[in-house]
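Subject: A structure for you to look at

Hi there,

Have a first look at it, and then read on for my notes.

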Amino acid sequence: MHQISEKTNNNFPKKLIAIIAILGLLILGIRLILAPVQEVQAGVDIAAWLKFSQISEHIHALSACTFLALSVGAIITRKGSENHKIYGKLGLLALLLGLLSSAILLIDLTIEDPSGVYTSRVMINENNSILFTLLITGSYGGMTGYRWAALPQPKLDLDLVSGGFAILGSIFSIALIPFVVILDPITAGDVGFPLTPFSAGLLLAGESVLLGTFGYNDITGFYGKKASKTERVIKHAYRTMITVGAAFAAISIVHLGPVFVNYPNLVWLLYFVPPSIIVALTIYLKVNYIASAKS
């Protein structure tokens, strides 16, 4: 009887993930089908929104750079030290400000496309959807990174919620790929966010893999054995570094975009090289922490 019960419990996370995936696909499928033909009725003062957009853009840029600088400070200080905690808390505040300002920018882009670089409403919707996936990734990394640092309990209901959130984000990202790559390939000459079908697909595929992997880890960890102290620290580092990588990539794209926009065949490097550097740094930090913990 005990063996049957244990087997049932082990299968439960897989069933839950399947249910979430099916529901997510149904909702996202309906939304993605309707979005390209759905015009946004802007019953607001566009001039006011553009002013909000300009203010939010400055706040977003400043908070993103501040978050990245504070993240560097947290990385180079001893883990668990007072300085590390201070850098982390201030970094979280900067991240929240950056996410809030980016949400305002996304709303502004939904109402009107100020840049004028997209040739159709479909491309505007695709661009906004891609930016939305970035917002999901940053929110997940910041939320769960803080959870494993400030809430050291080996298991919390929050893990189940965050896992479902990440898996839905993963499904949303992968569902967008056929739209931006094949059905209506997105191309934009925006120097601040240059896109080609390949670079957009690469970005979405990377986000889907990351969110899916961490979401699955959250859910299976909730139903599995309790996470040890070392595992909790690694979970914190990995999830925080997701957001650090996103910030580093975004800043690189914005500042190097004016150069790469003239070379469409190289645009994909903007979406591959910065995250790869952060992945290598994350692996190094993990190895270094495990080595110091054993000594």
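This is a predicted model: local features need pLDDT of at least 70, side-chain atom pairs count only at pLDDT 80 or more; totals for chains, interfaces and linings use all residues.

My notes centre on helix α4, which runs over residues 121–150.

**The helix itself**

How far apart should the ends of α4 be? At 1.5 Å a residue, its 30 residues should span 44 Å, and the end C-alpha atoms are 43 Å apart, so the two values agree. Is α4 mostly covered or mostly uncovered? Mostly covered: 21 of the 30 residues are buried.

**Its contact with α7**

Helix α7 covers residues 229–260, and its axis comes within 7 Å of the axis of α4. The two axes cross at roughly 155°. An angle over 145 degrees counts as roughly antiparallel, so that is how α4 lies relative to α7. The crossing is left-handed. On the α4 side, the contact is made by T137, G138, Y140, G141, G142, T144, G145, W148 and A149. From α7 come R232, K235, H236, R239, T240, I242 and T243. Sorted by class, the residues of this contact are four nonpolar, nine polar and three charged.

**Its contact with α6**

Helix α6 spans residues 197–223 and packs against α4 at an angle of about 30°, with 11 Å between the axes. Angles under 35 degrees count as roughly parallel, and α4 and α6 are therefore roughly parallel to each other. Here, too, α4 passes its partner in a left-handed crossing. The α4 residues in this contact are I130, T133, L134, I136, T137, Y140 and T144. They meet A200, L203, L204, E207, L211, F214, G215 and D218 of α6. Which classes do these residues fall into? Nine are nonpolar, four are polar and two are charged.

Leaving aside residues up to four places away in sequence, L134 touches L203 and E207. Its relative accessible area is 29%, which means that L134 is partly exposed.

Happy exploring, and write back with any questions!

Best wishes

Notes
Residues are numbered from 1 along each chain as its sequence is written. Side-chain values use heavy atoms; hydrogens and water are left out. Helices (H or I, at least four residues) and strands (E, at least two) are DSSP runs, numbered from the N terminus. The expected span of a helix is 1.5 Å times one less than its number of residues. Buried means under 20% relative accessible area, exposed over 50%, partly exposed in between (1.4 Å probe, protein chains only). Axes are lines fitted to C-alpha atoms, for helices over the stretch in contact, and angles run from 0 to 180 degrees between N-to-C directions. Angles under 35 degrees count as roughly parallel, over 145 as roughly antiparallel, 65 to 115 as roughly perpendicular and the rest as oblique. A crossing is left-handed if the near helix is turned anticlockwise from the far one by less than a right angle, and right-handed if clockwise. Contact means heavy atoms within 4.5 Å. Ala, Val, Leu, Ile, Met, Phe, Trp, Tyr, Cys and Pro count as nonpolar, Asp, Glu, Lys and Arg as charged, and the others, Gly among them, as polar.
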